[in-house]
Amino acid sequence: VAKSVTSALVGILVGQGRLDLYAPAPVAEWRGENDPRGAITLDNLMRMSSGLQFQEEYDEVWTDITRMLADGDLAHYAATRTLEHPPGTHWQYSTGTSNILGRIVREAAGPDFPTAFAFPRRALFDRIGARTAVLEVDTAGNFVGGSLFQASVRDYARFGLLYLRDGVWNGERILPEGWVAYTRTLTPHGVANLGYGAQFWLNTGGENRRWPNLPEDLYAMNGHQGQHVFIAPSHDAVIVRVGLSEFDNWRMSDFAADVLAALPAPAAGAAP
């Protein structure tokens, strides 16, 4: 879920002209002469297709994900990984990638820590009334872009509603025009039944999609242990569940299907 919130902050900064999606990502560790990582774009990071090596494994004690969380300077650890694939040619889920994005947001948001730290609240949280939202920082003072985001259930729903309304809140545009469409565009080189957009999970792929009993236009913010914010434009609905859900006796997709079936069908031709 933190990854999706980080995506929204990147979108705001892109809309303000402070970041460029298709330019090389502003990462200090990659500025050395002839460093192939210098070709990684912000879009590559957003889509988990940077090509950087990263072990997203929690079952073993000492992998990249656990080393990074123990390191303190999360973005620096992730940025020092080697390049395994040319940027934009290989998809791999990586919390490290999102932590690099968290530092990029902090650096682009202001010249000093107080200004940058206030940016998420002033640019996003307060504007949608998400008063409980907290985006944590690491020991280096960078936003933890890949995890450790907290909010109330209602405020999680506000983020979903912001995307359902194409980035507009009470008539005010929060996300730049076209950002939601960009977010929902399938990343190439991914796995069909694990569709991924720009730091959001998608439900594309026909019968092989991630949640075959849910609408194909559904997309989601997914938490580490099965928490979900489901956004279903065809049903004009947002569904939030924050309970621990990674068990065989619980299927979030069945729960969401029951909720959607219980809602009134949107009027034919009605805009979400």
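Mentor: Rings of Phe, Tyr and Trp (its six-membered ring) pair if their centres lie within 6.5 Å; planes under 30 degrees apart count as stacked, over 60 as edge-to-face and the rest as tilted. The model here is predicted, so local features need pLDDT of at least 70 and side-chain atom pairs pLDDT 80 or more, while totals for chains, interfaces and linings use all residues. Residues are numbered from 1 along each chain as its sequence is written, and side-chain values use heavy atoms, without hydrogens and water.

Trainee: Which residues do ring pairs link into a cluster?

Mentor: The cluster consists of W91, Y93, Y196 and W201. The count for the protein comes to 15 aromatic pairs.

Trainee: How is a pair of aromatic rings described?

Mentor: By the distance of the centres and the angle of the planes. Take F200 and Y219: their centres are 5.8 Å apart with 55° between the planes, a tilted pair. F200 lies in the loop between α8 (179-183) and β5 (201-202) and Y219 in strand β6 (residues 219-222), so the pair ties together parts 19 residues apart in sequence. Strands here are DSSP runs of E, at least two residues, numbered from the N terminus, and helices are runs of H or I, at least four.

Trainee: Are F200 and Y219 buried or exposed?

Mentor: Both are buried, which means under 20% relative accessible area; exposed is over 50% and partly exposed in between (1.4 Å probe, protein chains only).

Trainee: What is the geometry of the W211 and F230 pair?

Mentor: That pair is tilted, because its ring centres are 4.7 Å apart and its planes at 55°. W211 counts as buried at 8% relative accessibility, and F230 at 1%.
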